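Work through the exercises below with the coordinates open. Each task is followed by its solution.

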Amino acid sequence: MTTAEEFGRLTRQVADLAQEVGSLRDVNAIRKLQHAYGYYLDKCLYDEVVDLFAESGEVRFMGGVFKGRDGLRRLYCDRFRQNFTGGYNGPVYGFLLDHLILQDIVDVAANRQSALGRFRCFMQAGRHESKPATRPGLPSQWWEGGLYENEFVRESGVWKIKVLNYRAVYHGLFEKGWAHTPADFVPFFSETFPKDPVGPDALMAPKPVLWPETDVLAFHYEHPVTGKRWHAT
Amino acid sequence: MTTAEEFGRLTRQVADLAQEVGSLRDVNAIRKLQHAYGYYLDKCLYDEVVDLFAESGEVRFMGGVFKGRDGLRRLYCDRFRQNFTGGYNGPVYGFLLDHLILQDIVDVAANRQSALGRFRCFMQAGRHESKPATRPGLPSQWWEGGLYENEFVRESGVWKIKVLNYRAVYHGLFEKGWAHTPADFVPFFSETFPKDPVGPDALMAPKPVLWPETDVLAFHYEHPVTGKRWHAT
Amino acid sequence: MTTAEEFGRLTRQVADLAQEVGSLRDVNAIRKLQHAYGYYLDKCLYDEVVDLFAESGEVRFMGGVFKGRDGLRRLYCDRFRQNFTGGYNGPVYGFLLDHLILQDIVDVAANRQSALGRFRCFMQAGRHESKPATRPGLPSQWWEGGLYENEFVRESGVWKIKVLNYRAVYHGLFEKGWAHTPADFVPFFSETFPKDPVGPDALMAPKPVLWPETDVLAFHYEHPVTGKRWHAT
C-alpha cells in the first residue's frame with residue numbers, strides 16, 4: 001500500500017519533470033521561431049516576418065531602434081520591401097538575400113514566460129546581372145556575417161520575438177572580400193522617423209561598431225563552465 | 001492514503017509527459033538522421049546515403065523524382081558515384097562536395113510515426129586543379145544554396161527518410177558568384193529512366209524554377225504566431 | 001485504492017522518463033558548450049576558450065596533440081593569441097576569424113557522465129587591408145571548412161570539453177578558392193614542445209591528411225538506420 005509520503009514524493013518528481021520537459025519544448029519552439037524568421041526573410045515575406053513579433057516588439061539594426069507594430073512595419077515593409085522587391089510581398093526575379101541561421105544558445109527563464117537567444121546569421125545577397133538594378137548604390141553581390149542576441153516572450157501561450165537585436169559583424173563584396181570592405185559599407189542610421197520617413201524611432205547609443213572595427217556583442221549567458229559573466233575590460 | 005482518483009490523475013500526467021518526451025526524442029533523432037545524410041554525402045558514401053531511406057523512399061531533385069530502392073541507387077550510385085568518384089564509394093583525391101546542413105524546423109505527427117522537416121543546405125563544391133577533370137563540363141568550383149522539405153517515417157521503431165525533397169535556390173561559380181550564374185547552370189532532367197539510364201522515374205510537374213528565377217518552397221508548418229498557412233498569391 | 005504493484009510500475013516509468021529527460025538536457029547543454037566555444041574563438045577570448053575544457057582536456061589540431069591545462073594555454077594563449085591579436089584577450093581592429101558551428105550529432109552515454117559529438121565548422125578569416133600584417137605569411141583572407149569529433153565529460157555536474165578533435169577539410173584563399181589551394185596551405189606540426197616553444201605535446205600518428213587529399217574522419221555513431229559502424233575499406 002502506498003503511503004501519502006511516497007505518493008507526494010512521486011508527485012513532486014513528476015512536477016519537476018514537467019517543468020524540465022516544458023523548458024525543453026520552449027527551446028525547440030524558440031529555435032523554430034528564429035529559424036522561421038530566416039526562411040521568411042529569404043523570400044521577402046515581410047508581412048509574415050512582422051507577425052513573428054510581439055505587439056510591443058522591437059528591432060535593433062544598423063544603429064537604429066524600430067519600436068512596436070508601426071516601427072516594425074516601417075523597417076520591414078516600408079523600407080526593405082520597397083527597396084528589395086518594389087513593394088511586392090514575396091520573392092522576385094533575380095534577387096537573393098538568403099539568411100542562414102545557426103549556432104543557437106537559448107535560455108528559458110524559470111517561469112517559462114521569457115527567453116534569451118544567441119544565434120548567428122550568414123548571408124548571401126545580391127542581384128543577378130539579368131535583373132535591372134532597382135536601387136543604385138546597392139552592390140551586385142555580397143557576403144555578410146552577423147549575430148543576434150534576441151529576447152523572446154510568451155504571450156497567450158505562444159512564443160514571439162520581443163527584441164531582435166542584429167549586429168552585423170562584417171560585410172564583404174563577393175569580388176573583393178572582407179579584407180577590402182570599403183568604409184561605411186552599410187551606413188548607420190543617422191536620422192529618426194519622421195525626418196527619415198523609413199527611419200528608426202530612436203538611435204542606439206552608443207552606436208555599434210562596424211567592420212573593420214570589432215567588438216564583443218555581450219553574451220546573455222554566463223560562461224558554461226566557470227559561471228562567470230563576461231565584461232568588456 | 002492515495003485515492004484511485006489521485007493516482008489516476010498522476011498516471012495520466014505521466015502518460016502525457018511520456019508522449020512529449022517521446023516527441024522531443026524524435027526531433028533529435030530526425031535532426032541526427034538529416035545531419036548524418038549531409039556527412040555521408042560529403043564523403044561520397046553513397047551506399048550509406050541510400051540506407052538512410054525507407055524501402056519506398058523517394059528523392060525529388062532537379063525536376064526529377066527517383067522512387068524506391070532502384071531509383072535511389074540509380075541517382076546516388078549509378079549517377080553521382082559514377083560522375084564524382086568514378087564508382088568508388090568514398091572520398092577521392094581533390095574532390096570536394098561539402099553539404100552544410102542547418103536551420104532545422106522539425107514537426108512530429110501526434111502518433112509519432114511520421115514527421116516533416118525543413119532544413120537548409122549550403123554547399124562548397126569543386127575539384128582541385130591538381131586533379132584531372134573526370135567529367136567535362138563540371139565547373140571547377142562553385143557555391144550552392146538549397147532547401148529541403150522532407151518527410152520522415154518510423155519503421156520498426158527507426159526513423160528513416162521517406163521523401164527527400166531538395167530544391168536548389170542558387171548556384172554561383174566561385175569566380176563569378178550568383179550575380180553571374182549562367183542560364184541553366186544545372187539543367188533539369190528532361191528524360192526519364194530507362195531512356196536516360198541514370199534518369200528519374202518521373203518528372204516533377206510543374207517543373208521547379210531555378211535561379212535567377214525564384215519562388216517559395218512551401219512551408220510544411222503554419223506561421224508560428226498567427227497559425228496561418230502560407231499560400232502563393 | 002492503489003496497489004504497491006501499480007505504484008511501483010508508475011515509479012519505474014517516472015524514473016525512465018527522468019533518465020530520458022536528463023539525456024535530452026545533456027544534449028542541449030553540450031550543443032551550447034560547443035556553440036559557446038565558437039563564439040568565444042570568434043572574439044579571440046582565449047582565456048574563456050581554455051576554461052571550457054576539463055582539467056585534463058586535450059586538443060588535436062593540424063597533426064599536433066596539446067595536453068592538459070599547460071598544453072591548452074600553449075595553443076590558445078601562447079600561439080593563437082600571440083599570432084592573431086599580439087597577446088590581447090579580445091577582438092582587435094581588422095581581424096576576422098568567425099567560427100560557424102553547425103550540424104550537431106551528439107550522443108550521451110547511458111550513465112550521462114560522458115558524451116561524443118560531431119559538429120562542423122565553417123570559417124571566414126582574414127585581415128582588413130587597413131590593418132598592418134602582424135605576421136608575414138598569413139594570407140589576407142580565406143575560407144576554411146572542418147569537422148569536429150569531440151569528447152565531452154561531466155565533472156561536478158558541469159559538461160566540459162574533454163577532447164577537441166578538429167580536422168580541417170579544406171582551405172581556400174578568398175581570391176582563388178579550394179580549386180587552387182597551394183600545397184601545405186597550413187603546415188602540420190613537425191616539432192613538439194619544448195623544441196617548438198608553442199608546439200604540441202605530441203604528434204598525431206598517423207598524420208591526418210590535408211586537402212586536396214581527402215579521407216573520412218570516422219563517425220562516433222553507428223549508421224542511424226542499419227546500425228552498422230563505418231570502417232575504412
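**Exercise 1.** Describe how helix α1 of chain A packs against helix α1 of chain C.

Step 1. Helix α1 covers residues 4-42 in chain A and residues 4-42 in chain C, and the two axes come within 10 Å and cross at roughly 30°. Axes are lines fitted to C-alpha atoms over the stretch in contact, with angles from 0 to 180 degrees between N-to-C directions.

Step 2. Angles under 35 degrees count as roughly parallel, so α1(A) is roughly parallel to α1(C).

Step 3. The crossing is left-handed, meaning that the near helix is turned anticlockwise from the far one by less than a right angle.

Step 4. Contact (heavy atoms within 4.5 Å) involves, among others, Phe7(A), Leu10(A), Val14(A) and Leu17(A) on α1(A), and Phe7(C), Leu10(C), Val14(C) and Leu17(C) on α1(C).

Step 5. The contact residues divide into 14 nonpolar, three polar and five charged. Nonpolar covers Ala, Val, Leu, Ile, Met, Phe, Trp, Tyr, Cys and Pro; charged covers Asp, Glu, Lys and Arg; the others, Gly among them, are polar.

The model is predicted, with local features needing pLDDT of at least 70 and side-chain atom pairs pLDDT 80 or more, while totals for chains, interfaces and linings use all residues. Residues are numbered from 1 along each chain, chains are lettered from A in the order written, and side-chain values use heavy atoms, without hydrogens and water.

**Exercise 2.** Summarise the fold and burial of chain A.

Step 1. Chain A has three helices and seven strands (DSSP runs of H or I, at least four residues, and of E, at least two), in the order α-α-β-β-α-β-β-β-β-β.

Step 2. Of its 233 residues, 59% are buried, that is, under 20% relative accessible area with a 1.4 Å probe, protein chains only.

How values were computed:
Angles under 35 degrees count as roughly parallel, over 145 as roughly antiparallel, 65 to 115 as roughly perpendicular and the rest as oblique. Buried means under 20% relative accessible area, exposed over 50%, partly exposed in between (1.4 Å probe, protein chains only).
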